[in-house]
Amino acid sequence: MRAAYYEEQGPAHDVVRVGEVPTPEPGPGEVRVRVAVSGVHVGDVGKRRGYWGSTMTYPRVIPHGDGAGTVDAVGPGVDPARVGERVWVYLAQSYRPFGTAAEYTVVPAGHAVRLPDGVGWEQAAVVGIPGITGHRAEQVDEVLAAGAHHVVVLGADAARQIRAIAPDGVDRVAEIDLAGNAALDVEILSVGGTIATYATGDPGASLPYWPLAFRNITIQFLSNDDFPDPANEHAARDLTAALAAGDLRYPIAARFPLDRTADAQDAAERTGAAGRVVVEIDA
């Protein structure tokens, strides 16, 4: 099969190659998926660059944890009726050497989630990619319609806006920049509140220790590669339901063919809140 891969860490155009590699076979409890679209996650970029202390666990890595396609083979212990099922895939390259930047990927059966009718490959390929998508002021009604109770524009008076909504503070903050927003979090959290964080802009930055301590704030560090299976399964059900209802839609910032996977990874580093980057395997 054709796949993008790297055999050492470094800049995308220095290490990412595209060529023929062996087609994987599903083992016990696994399914093989013929990939239609592969989603590029900032975590994929980090693993390839060697960020966060990550190393090459395998001699060759096919990147990208997220994607969508069709089950074409199953391993022992998996219902053969799953062959032909349209699915979205998550954590394909979590503690495994082969992700979705390839014609085929093999994943545990539970990581290939049946796709609702009418949902396209692109949206399915990025549904498992966490992040905050920026919204323009004219999109506020759309955000509220999607289920948000309130929308706050981050800026100098963000704390005042939030405190006007929740005078006693909020109980929990899902934080994507712990270092950058810690001071704001102290202002808006209630006593005994929690910061659940899965990213930070500056991993070496200091935190406002005493303000956090005096408010008895708990900081919970999260890594989506390491969530327990029940949590992943619960999240997968909720995400799939949101897809089916039309409540979850991400803008696609850029599309690339498999041969340009290095360009796709570079684009994923630049686009941020502007949208998601995908690799179209059949393009």
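Rings of Phe, Tyr and Trp count as a pair if their centres lie within 6.5 Å. Keep that cut-off in mind for the ring stops on this tour of a predicted model.

**Confidence.** Colour by pLDDT. The mean for the protein is 88, and 92% of residues reach 70 or more. Now select residues 131–138. Their pLDDT is below 50, and the stretch has twelve contacts in the model beyond near neighbours in sequence. Where pLDDT is low, predicted coordinates should not be read in detail.

**Strands.** Select β3 (residues 30–40) and β6. The two run antiparallel, joined by five bridges. Centre on R32: its bridge partner in β6 is V106. Strand β6 (residues 104–108) is mostly covered, with four of its five residues buried.

**Helix α2.** Move to residues 42–49. Buried here are G43, D44, V45, G46 and R48. Step just past the helix to G50, which takes a positive phi of about 85°.

**Rings.** There are three aromatic pairs to find. Show W88 and Y90: this pair is tilted, 5.6 Å centre to centre, with 40° between the planes. W88 is buried, at 1% relative accessible area. Y90 is buried too, at 7%. Next, select Y209 and W210. Their centres are 4.8 Å apart and their planes at 90°, so the pair is edge-to-face. Both residues are exposed.

**Charges over rings.** Select R60 and Y5. R60 lies over the face of Y5, 4.6 Å from the ring centre. Finish at R86, which lies over the face of W121 at 4.5 Å from the ring centre.

Note on methods:
Residues are numbered from 1 along each chain as its sequence is written. This is a predicted model: local features need pLDDT of at least 70, side-chain atom pairs count only at pLDDT 80 or more; totals for chains, interfaces and linings use all residues. Side-chain values use heavy atoms; hydrogens and water are left out. Buried means under 20% relative accessible area, exposed over 50%, partly exposed in between (1.4 Å probe, protein chains only). Two strands pair if DSSP finds at least two bridges between them. pLDDT is the predictor's confidence in each residue, from 0 to 100. Contact means heavy atoms within 4.5 Å. Rings of Phe, Tyr and Trp (its six-membered ring) pair if their centres lie within 6.5 Å; planes under 30 degrees apart count as stacked, over 60 as edge-to-face and the rest as tilted. A charge sits over a ring if NZ of Lys or CZ of Arg is within 6 Å of the ring centre and within 35 degrees of the ring normal.
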